[in-house]
Amino acid sequence: MPVLINITSENLLSEKELKEIEKKTEKALKYLKFHKKEVSLVLTDNRTIKKLNKQYLERHYPTNVLAFPFSKEKPRVSNILGEVIVSVEKARQEAKLYQLNFKNYLFAIIIHGLIHLLDYDHEKGLFSPFLMVKNELNLFSKLAFKEGKKEVINFIKRREYMPAKLAVNVDHVATVREARKTYYPDPVHAAVLAELGGADGIVVHLRLDRRHIKERDVRIIKEIIKTKLILEMAIDEGLIKFAKEVKPYQVTLVPERVEEVTTEGGMNLEGRVKEVKKAVKELNEAGIKVSLFLNPDEKTIKLAKKTGAQIIEIHTGIYAEADTEEKKEEEFDKIEIAARVAKDLGFEVHAGHGLNYENIGPVAAIPQIEEFSIGHSIVSRAIFVGIKDAVREMKELIIRARG
Ligand code: PXP
């Protein structure tokens with residue numbers, strides 16, 4: 001018997017579903033020419049997979065699948081290929097969230113795990129992520145259940161081929177400069193090095209009090225970077241005039257309070273749609289895309305549609321600062337739902353604030369989010385490893401989250 005199924009909790013699947021999944025998994029193994037091998041398939045819940053994810057991969061969240069090849073050196077010699085552990089609970093939640101057929105989505109997750117078992121295939125070499133997706137799609141397309149097959153295929157393509165981009169905020173390089181009112185360190189140098197580390201864009205926040213970034217920084221960065229400049233700012237007549245003159249690729253409109261240490265939350269659009277719409281129109285007419293920084297709140301995102309903005313940046317600060325696992329999960333769910341709502345409304349979806357090397361994983365796995373805006377954690381790490389490596393490490397985490 002090539003598939004040994006072990007179910008850790010009751011009521012995860014009906015008898016019928018279990019039989020169908022078992023049959024399909026055996027077919028998948030046959031197709032992979034591994035039908036003489038054994039695979040252990042563990043079907044479990046979020047609590048168990050979260051524990052395993054933490055124990056083996058130091059990731060502190062429930063994932064949908066984990067795969068452990070038993071013999072990395074000689075998978076074709078060993079009789080046991082390895083173990084695939086799937087959280088049926090997570091699969092069910094994700095299928096509901098992304099409106100996918102549950103059985104097919106669960107099967108796609110199992111295939112993903114099986115392909116991971118082949119990661120270290122000596123005959124073929126280490127699979128590149130691209131090859132893995134190709135194999136995954138191939139296999140799934142051949143064997144999937146009929147219902148909702150197309151939607152799951154599109155979902156895999158979207159998730160795997162397009163890791164989110166990383167826009168790096170260099171404000172805090174200017175914060176260090178302003179601590180002594182000198183001319184160094186220069187955020188302009190940081191922007192160039194961030195690009196060399198793989199940044200897909202550079203972000204600067206020109207605050208009303210000019211506490212870190214100055215007009216000079218924005219102008220020079222715009223001039224020399226090869227990616228895109230994103231200018232964060234409050235809605236202010238002088239700033240809009242400046243933006244129209246410098247013409248960044250994108251303006252992100254944020255709320256601003258003089259006393260705040262950093263942006264404290266998303267914009268409140270209640271009663272402000274007309275004002276925001278006017279700013280969006282003016283910037284758009286100058287050829288600048290506009291993003292609104294919003295809390296992960298469905299009502300606000302729906303209201304944002306009336307402003308004409310092209311992009312929504314979901315505020316991840318509350319998720320990042322959550323001090324209990326329960327609160328973190330609650331906030332994560334809000335971000336996941338907000339991302340889907342925003343995408344469904346036709347927005348390009350970005351996210352940011354408070355994201356660091358520990359908490360980026362789960363949010364980077366949300367397929368609707370196309371770009372992250374990250375500053376403080378990258379600049380902090382750069383003190384020790386340099387900007388290029390700090391950016392590269394963050395990019396790797398973002399890419400790996402969808403693998
Ligand atoms: N997005 C927005 C709208 C922000 O205001 C900031 C902070 O300037 C960030 C993202 C980046 O936040 P952090 O510095 O915590 O990564």
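Helices (H or I, at least four residues) and strands (E, at least two) are DSSP runs here, numbered from the N terminus. The model you are looking at is predicted: local features need pLDDT of at least 70, side-chain atom pairs count only at pLDDT 80 or more, and totals for chains, interfaces and linings use all residues. Residues are numbered from 1 along each chain as its sequence is written, and side-chain values use heavy atoms, with hydrogens and water left out.

Phi of His 353 is near 105 degrees, a positive value in a residue other than glycine.

Another loop, between α7 (171-180) and α8 (187-196), contains Pro 185. The peptide bond joining Tyr 184 and Pro 185 is cis, with omega about -5 degrees. Lys 181 lies in the loop between α7 and α8 too, and its phi is near 50 degrees, again positive in a residue other than glycine. Is Lys 181 buried or exposed? Lys 181 counts as exposed, because its relative accessibility is 63%; buried means under 20% relative accessible area, exposed over 50%, and partly exposed in between (1.4 Å probe, protein chains only).

**Around strand β9**

Strand β9 (residues 228-233) is mostly covered, with six of its six residues buried. Lys 228, Ile 230 and Glu 232 are buried on one side of β9, and Leu 229, Leu 231 and Met 233 are buried on the other.

Two strands pair if DSSP finds at least two bridges between them. Strand β8 (residues 201-205) pairs with β9 in the parallel sense over five bridges, and His 205 has Glu 232 of β9 as its bridge partner. Four bridges join β9 to strand β10 (residues 250-253), and these two run parallel. Here Ile 230 is partnered by Gln 250 in β10.

**The open sheet**

Elsewhere, an open sheet of four strands has the order β1-β2-β4-β3, with mixed pairing. β1 (3-7) and β3 (65-69) stand at the edges with a single partner strand each, so one side of each is left without a neighbour in the sheet. β1 and strand β2 (residues 38-44) run parallel and are joined by five bridges, and Asn 6 has Val 42 of β2 as its bridge partner.

**The ligand site**

The ligand is surrounded by 14 residues, and the closest are Thr 263, Glu 313, Gly 354, Gly 375 and His 376; a residue counts as near if one of its heavy atoms lies within 4 Å.

| Residue | Protein atom | Ligand atom | Distance |
|---|---|---|---|
| Asn 169 | polar side-chain atom | oxygen | 3.4 Å |
| Glu 313 | side-chain N or O | nitrogen | 2.5 Å |
| Gly 354 | backbone N or O | oxygen | 2.8 Å |

The protein covers 95% of the 400 Å² of accessible area that the ligand has on its own; accessible areas come from the Shrake-Rupley method with a 1.4 Å probe, and for residues only the protein chains shown count as cover.

Key: Polar contact = N/O pair within 3.5 Å; in protein donor to acceptor, adjacent residues only side chain to side chain.
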